[in-house]
Amino acid sequence: MSPTPVTYVSPTQPASYSWEATNEEVAARYGVDRATIVRFDLNTSPRPPGLAAELLAAGRFETPLSEYPPSDYRRLVAAAAAAYGVEPDEILVGAGADEILDLVGKTFLPPGGEAVVPAPSYAMYRVITEQRGARCVAVPRRGPDEAWAMDIDAVRAAARSAAVVWLCSPNNPTGLAEPDGAVERLLAGLASDAVTDGREPPIVVLDEAYAEFVDASLLPLRLAHPNLVVVRTASKAYALAGLRVGFAVARPETIARMAPYRPPGSVSTVSVTVVTEAFLRPDAMRANVARVAAERARLAARLTDAGWVVGPSVTNFLLVTFADAAAAAAAADGLLRRGLVPRTFGAHHPLAASLRLTVRDTAENDRLITAARAARVAAGSARVAAGDDQATARVDP
């Protein structure tokens, strides 16, 4: 997955995430006022919950800012365990979901090994795999007509020699969850294949970054499958992406294997304090989820009215598909010139003809809707002009 056309990834550098352009870079390239830029590319919320400002103003944190946070993040672990309905020894804290994914790589991916991912999905799975000196095996998803579901049989076959299987449900960037029972069937199949082959089953990472938006989780599957690691985060529904707090949830013996790779104090004392309180006071998260659901429906309807093809979504973003990659690139350029930053995809990506757009607040989404309507008017004018040119060409000698 590539971000805006402002940045690129060097082919001579180690595998890394293609970082999104900063507001300053967008402003410089497209000649827009930095203050008017809206990020539709990051799947974040327009503003943090009020409790964050309240706690920051009070200035009372887990430890003084001159000290490291508690080494066991005890209060945060307890709050997260209660929120997720698991035991404290089934939780591992990290600096965002990305650090949790990195810990999975360090723990379970040997150099020269393999990891499987249904594609398209979150780009960091490939990055982490390749940074460990392992090979990422991409298994194509079934496509939009089948809700971008993973191909269970193909994933299972590819995983016979894999150390890790990366899953994401609801999936980023397609915006949809795996069909009911799909992950459970895959886990059962992988376990059966492992018995047949006389080996341990691969670790299955289930990234549930968007689980709160569907009010459902597959965490109970860990009870029957010790190879399952579920990843959760405070970044999306809790609207606290800037605090960088994520969690691995798994059986105690699996968490114990990962724990030695956890860096000390990677989560700040400020982050520990605020996220702990957010778990203890979940009404703000629930209100944000309800807001996103209502605004997602409105935004999708208005963009559809403007002539854009909007796919279904259960997350805080929409996937919009255009006639081809060139049309998607032109739409992205038009948005960027208005200070609206979409998530774009590389030329060879399965979603090269699409843009991913975060559901923002009403006023920000209205700017996006206005831009889509303007693009439709401009396209109509261009077609009329092209028709006039063709008529003139037929008449003139």
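This section describes the sheets, the helix packing, the nonpolar cores and selected residues of a predicted model.

The model is predicted, with local features requiring pLDDT of at least 70 and side-chain atom pairs counting only at pLDDT 80 or more, whereas totals for chains, interfaces and linings use all residues. Residues are numbered from 1 along each chain as its sequence is written, and side-chain values use heavy atoms, with hydrogens and water left out.

Helices (H or I, at least four residues) and strands (E, at least two) are taken as DSSP runs and numbered from the N terminus, and two strands are said to pair if DSSP finds at least two bridges between them. On this basis, an open sheet of 7 strands is found with mixed pairing, in the order β2-β8-β7-β6-β5-β3-β4. Its edges are formed by β2 and β4, each of which has a single partner strand, so one side of each is left without a neighbour in the sheet. Direction ignored, neighbouring strands of this sheet are turned by 25° against each other on average, where axes are lines fitted to C-alpha atoms (for helices over the stretch in contact) and angles run from 0 to 180 degrees between N-to-C directions. Within the sheet, β3 and β5 pair in the parallel sense over 2 bridges, and Val116 stands opposite Val165 in β5.

Helix α5 lies across β3, β4, β5 and β6 and runs at about 160° to β5. In this helix, Met124, Tyr125, Val127, Ile128 and Thr129 are buried, that is, under 20% relative accessible area, with exposed meaning over 50% and partly exposed in between (1.4 Å probe, protein chains only). The buried residues of α5 pack against α4, β3 (114–119), β4 (135–140), β5 (164–168) and β6 (203–207), contact being defined as heavy atoms within 4.5 Å. Two packed helices are described by the angle between their axes and the distance between the axes. For helix α4 (residues 96–108) and helix α5 (residues 124–131), the angle is about 35° and the axes are 9 Å apart. The crossing of α4 and α5 is right-handed, a crossing being right-handed if the near helix is turned clockwise from the far one by less than a right angle and left-handed if anticlockwise. Asp98, Leu101, Asp102 and Gly105 are the residues of α4 that meet Met124, Tyr125 and Ile128 of α5. After α5 comes Gly133, with a positive phi near 75°.

A further open sheet consists of 3 strands in the order β9-β10-β12, with antiparallel pairing. Here β9 (309–310) and β12 (354–358) stand at the edges with a single partner strand each, so one side of each is left without a neighbour in the sheet. β9 is joined to β10 (residues 317–321) by 2 bridges, and Val310 has Val320 in β10 as its bridge partner. The antiparallel pairing of β10 with β12 extends over 5 bridges, with Thr358 in β12 as the bridge partner of Phe317. Strand β12 is mostly covered, 5 of its 5 residues being buried; Ser354, Arg356 and Thr358 lie on one side, and Leu355 and Leu357 on the other. Helix α10 (residues 283–305) lies across β9, β10 and β12 and runs at about 15° to β10.

A nonpolar core is a set of buried Ala, Val, Leu, Ile, Met, Phe, Trp, Tyr and Cys residues joined through side-chain atoms within 4.5 Å. The largest such core has 57 residues, of which Leu76, Tyr84, Ile91, Val116, Phe247 and Phe279 touch the most other members. Apart from this core lies another, of 29 residues, among them Ile100, Ile128, Trp166 and Met258. Not counting residues up to four places away in sequence, the contacts of Ile91 include Val77, Tyr84, Phe247 and Ile255.

With the same exclusion, Asp89 touches Pro252 and Ile255. Asp89 is found in the loop between α3 (74–84) and β2 (91–94), and it counts as partly exposed because its relative accessibility is 45%. Asp89 and Asn227 are 138 residues apart in sequence and 16 Å apart in space, C-alpha to C-alpha.

With a disulfide defined as a pair of cysteine sulfur atoms within 2.5 Å, the count comes to 0 disulfides. The cysteine sulfur closest to that of Cys136 is in Cys168, at 13 Å, which is too far for a bond. Cys168 counts as buried because its relative accessibility is 2%.
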